[in-house]
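Colleague: I would like to learn how to read a protein model step by step. Could we take one feature at a time, with the idea before the case?

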Amino acid sequence: MVQYQPVVHFATGRVTEVEVLVRWQHPRLGLLAPAEFISLAEESGLILPLGRWVLSEACDQARSWQRLMPGGESLTVTVNLSARQFGQPAMMRVVEDVLVATGLDAACLTLEISETVATGDMVRSMDTLMGLKRLGVGLAIDDFGTGFSGLGALRRCPVDTLKIDREFVARLDSDERERAVVAAMVNMGRALGMRVTAAGIERAEQAEILSELGCDAGQGSFFARPLPADEVTRILGTIPRWSVGDPVNAVHDVIRVPTPVPAMR
């Protein structure tokens with residue numbers, strides 16, 4: 001199954017993007033996060049049909065939301081690509097076919113690749129990244145800061161967004177050194193002409209600091225945990241607005257989450 005997590009743009013307080021997160025509803029173990037089954041899917045080869053299904057579901061749902069929302073034509077959906085998906089020769093064809101089948105504008109799809117995958121085999125990665133850019137989709141580096149990639153590798157990647165890993169956000173409001181590291185990440189993203197998004201925001205203080213540092217957008221259980229499509233539809237239908245320093249969070253009111261709920265990844 002898939003769930004969706006809203007991404008809030010700090011400057012406007014609006015939900016402008018929704019990230020797709022895959023889950024496995026195990027008959028005995030309950031709802032499992034990707035870390036508990038993606039490696040098995042990669043080893044077995046099931047990741048390729050699974051990845052295509054998730055991509056198709058995400059694009060179809062995004063197109064549906066765009067039709068429902070007033071002025072929602074630019075709503076973006078973000079889908080994570082595993083290393084094996086990113087490396088498959090048919091990657092660009094798969095993305096193109098799904099976009100045609102669902103009718104979603106390529107500019108409204110962002111594909112997330114981990115930092116280590118994007119900067120691993122630079123020659124091969126660059127060919128794939130450039131091919132995807134030619135399709136018109138957005139590209140994002142996920143878990144930024146955990147892969148220790150060099151600036152030289154990053155500046156050659158045709159990437160639109162850097163996503164700061166939750167590991168750095170977790171201590172942002174209690175550790176000055178962590179704040180300095182995140183500020184450097186934001187500045188690096190800006191210098192490279194990229195949009196910067198932060199993951200794993202669980203407290204208002206973290207959101208406020210990120211906004212002050214110039215981060216463009218954020219997601220996490222402070223705004224909304226990953227949700228089924230119908231609940232996200234309800235959120236988007238109310239056009240909620242969140243503002244830094246406001247003690248009442250509009251998205252929390254809509255989905256009735258009185259306290260943050262830790263999000264799976």
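Predicted model: local features only at pLDDT ≥ 70, side-chain atom pairs only at ≥ 80, totals over all residues.

Modeller: What follows is a walk through the chain as a whole, then aromatic pairs, helix faces, a pocket and some single residues.

Colleague: How is a pair of aromatic rings described?

Modeller: Such a pair is described by the distance between the ring centres and by the angle between the ring planes. In this chain the count comes to two aromatic pairs. For Y4 and W65, the ring centres are 5.0 Å apart and the planes stand at 80°, so this pair is edge-to-face, given that an angle over 60 degrees is the cut-off for that label.

Colleague: Where do Y4 and W65 lie, and are they buried or exposed?

Modeller: Y4 belongs to strand β1, residues 2-9, while W65 belongs to helix α2, residues 47-68, so the pair ties together parts that are 61 residues apart in sequence. Both Y4 and W65 are buried.

Colleague: And how are the rings of F222 and F223 placed?

Modeller: The ring centres of F222 and F223 are 5.2 Å apart and their planes are at 65°, so this pair, too, is edge-to-face. F222 is buried, with a relative accessible area of 11%, and F223 is buried as well, with a value of 0%.

Colleague: Let us turn to helices. Which residues of helix α11 are buried, and where do they fall around its axis?

Modeller: In helix α11, which covers residues 229-238, the buried residues are A229, V232, I235 and L236. Seen along the axis of α11, these buried residues fall within an arc of 115°, so they line one face of the helix. D230 and G237, on the other side of α11, are exposed.

Colleague: Which residues are buried in helix α10, and what covers them?

Modeller: Helix α10, made of residues 204-212, has Q206, A207, I209 and L210 as its buried residues. Around the axis they cover an arc of only 165°, which puts them on the same side of α10. What covers these buried residues includes α8 (166-169), α9 (176-191) and β9 (195-198). Just after α10 comes G214, which takes a positive phi of about 100°.

Colleague: How should I read a pocket, and what lines the second largest pocket here?

Modeller: About 390 Å³ of space lies in the second largest pocket. Its lining consists of 21 residues, and V15, T16, E17, S74 and L75 lie nearest the centre. Strands β2 (15-22) and β7 (138-144) each supply at least two residues of this lining, and β2 gives the most, with three residues. By class, the lining has nine nonpolar, eight polar and four charged residues.

Colleague: What does V15 touch, and in which strand is V15 found?

Modeller: V15 is found in strand β2 and is buried, with a relative accessible area of 11%. Not counting residues up to four places away in sequence, V15 touches P6, V7, V8, L75 and L236. L236 is also one of the buried residues of α11. The C-alpha atoms of V15 and R241 are separated by 7.7 Å, although the two residues are 226 residues apart along the chain.

Colleague: Which residues is T76 in contact with?

Modeller: T76, in strand β5 (residues 76-80), is buried, with a relative accessible area of 14%. Leaving aside neighbours within four places in sequence, T76 is in contact with T16, E17, V18, A107, C108, L109 and T110. T16 and E17 were also among the residues nearest the centre of the second largest pocket.

Technical notes
Residues numbered from 1 in each chain as written. Heavy atoms only, no water. Phe/Tyr/Trp six-rings, centres within 6.5 Å; stacked < 30°, edge-to-face > 60°. Helix = DSSP H or I, 4+ residues; strand = E, 2+ residues; numbered from the N terminus. Buried < 20%, exposed > 50% of the residue type's maximum accessible area, 1.4 Å probe, protein only. Arc of directions from axis to C-beta. 1 Å grid on protein atoms, 1.4 Å probe; cavity = no way out; pocket = protein on both sides within 12 Å on 5 of 7 lines; lining within 4 Å. Points joined across faces, edges and corners; volume = space filled by probe spheres on them. Nonpolar A, V, L, I, M, F, W, Y, C, P; charged D, E, K, R; others polar. Contact = heavy atoms within 4.5 Å.
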